[in-house]
Amino acid sequence: MRLLSGLSRGLRPLPALLLLAAFLGAWELYVDLGGVDPLVLPPPHAVASALFHDRGLLWSNLKTTAGEILAGIAVAITVAFVLSVAIHLSGTARRALLPLLIASQTLPIVIIAPLLILWLGFSFVPRLVVIALVAFFPLVITTLDALEAVDPDLIKLMRTFDATRLRTFRQIELPAVLPGLFTGAKLAAVFSVIGAVFAEQAGATHGLGYLLTIAVYQLLVPEAWAAVTVLSLFAIALFALISLLERRAVPWAHHTKGEPAK
Amino acid sequence: MPAKGVTTTTIEAPAQEHRPATGGGSVDIDQASRVFRGRRGELHALAGVSLRVRPGEIVAIVGPSGCGKTTLLELICGLQTPDEGSVQAAPAALMPQRDLLLPWLSALDNAGVALRARGASKASARAQAAPWFTRLGLEGFESARPAELSGGMRQRVSFLRSLLAGKPVLALDEPFASLDALTRAEMQGWLADMLSAEPRTVVLVTHDVEEAVLLADRVVVMSARPGRVIADLQVPLPRPRHRTDPDLVALRAQALRELGVPG
């Protein structure tokens, strides 16, 4: 968690932009002076020009993919929350669900995605399922960890205050789970982008993953890199947005400690 | 099981002069034993402990670490049941050793947690807790988060939270153990004042013998595991008490002797 909040603080642009510029410069020099075939590895300026030329196409495909990803994350959050609470509250649910959840993450998504499309049809639904499948696991784990971290003495204290289990859950566990949910959502934001590409590769007629697949097949390499660039930028934007929401929603989890009063 | 009696107040409309459960209920523990069975065999936490606390009485329980003091408090609060013997206690609210304040709530809302636990609205809980902030020297810190409060302030908010639970019995589990010596002395004086203004039946667990004789009407000394009562000392000293009072010092020395500490 500290790593992730450090990362989000590291998203303050200047150092990242400098590093990016150095990286792009080195790449450009490598392609220009290293005798690399630009068809195999296009130089950054070719990618930039593809980005510019295809901006309308990229934008409309981004909208499709972004919609899938946001919907997928929403499904993942809902499912992860319900499952974590069930696992937290019931030992039977834990023993029944946890092994299956872990097993679900060993499914090779690349292979499963076409099978899902075969089964569920050529529609939005299988793509949603694939994205949710890769996004929900980090959410379950971080949410569950946050629930398990609730001090058992606090639950006892609430019992001496005659709180019902539901009120204890609402007053103690529900707020305590938010930092874990946000950490999971940040991980999910990144994983879901990869999930979306797999899903669209397996069967879609629109979207950046679809565009990427077509571009690679037709050896439109700069165009393929342009699609990858847009996907990366979208992942960064999504991560930053969740970090921002996190600061608003769970300020206590960030060490915004004032001077203790005497 | 503790008698699930009727609490002596109804917490409804915010009263200007809110007085939950004055006076207090009694605690009657008869030959209670508690055994924890773990992987490494049995752990006898309590062995035939009997304890009677009259309504309004303040009883301190002192003893070495692992004498089952916390188990005793949990029996009183109904969080555990004895394996043998019986526990009859009026409803009791716990004040835990660590303050356990919720980091996402303001001091005022933390103080109202017990009220909210019984279904009071946020506004009503605030209205009931707010007048106490002046009395507890917490005025101006209503909206502060726990991280912004000092250790002594946090313990006062924690105390208020348990007080507002409106139970006739208060079970205090080493309430000032985590504080530095100066703050602790200050808080002991403060608690003595609070309890004379708001009389309750109090069971105070502590390992600080001076704290026990300073605050309590009776000091019950317990042995190391398995915990049993080895001495029951009356503290017939008038209040306010001073830690330098020769009678108090003598009682403190006596309690320490019972605990096997020379001096």
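Predicted model: local features only at pLDDT ≥ 70, side-chain atom pairs only at ≥ 80, totals over all residues.

Mentor: In secondary structure, chain B comes to 8 helices and 9 strands. Its C-alpha atoms fill a box of roughly 50 × 40 × 35 Å along the principal axes. As for the overall form, a compact globule with 263 residues would have a radius of gyration near 18 Å, and because chain B has 18 Å, it agrees with that expectation. The contacts within the chain can be read alongside this: when those with a separation of 6 or more are considered, 72% of them in chain B are accounted for by residues 24 or more positions apart.

The pLDDT of chain B averages 83, and 90% of the residues score at least 70. Confidence is highest in helix α2 of chain B, residues 107-111, with 93, and lowest in strand β9 of chain B, residues 229-234, with a mean of 84. A separate caution applies to residues 1-21 of chain B, over which the pLDDT is below 50, although this stretch has 39 contacts in the model beyond near neighbours in sequence. For the model as a whole, the scores are ipTM 0.81 and pTM 0.78.

We can now turn to the place where the two chains meet. Here 22 residues of chain B are in contact with 20 residues of chain A. On the side of chain A that touches chain B, the elements giving two or more residues are α8 (152-160) and α9 (165-202) of chain A, and the largest share, 7 residues, comes from α8(A). Sorted by class, that side of chain A has 9 nonpolar, 3 polar and 8 charged residues.

A:Y30 lies in helix α2 of chain A, which covers residues 13-33. A:Y30 is partly exposed, because 13 other C-beta atoms lie within 10 Å, and a residue would count as exposed with 12 or fewer. Between A:Y30 and A:P43 there are 8.4 Å in space, C-alpha to C-alpha, while the two are 13 residues apart in sequence.

Technical notes
Residues numbered from 1 in each chain as written. Chains lettered and ligands numbered in written order. Helix = DSSP H or I, 4+ residues; strand = E, 2+ residues; numbered from the N terminus. Rg over C-alpha atoms; globule rule 2.2 N^0.38 Å. Contact = placed C-beta atoms within 7 Å. Nonpolar A, V, L, I, M, F, W, Y, C, P; charged D, E, K, R; others polar. pLDDT = per-residue confidence, 0-100. Buried ≥ 20, exposed ≤ 12 C-beta atoms within 10 Å, placed from the backbone.
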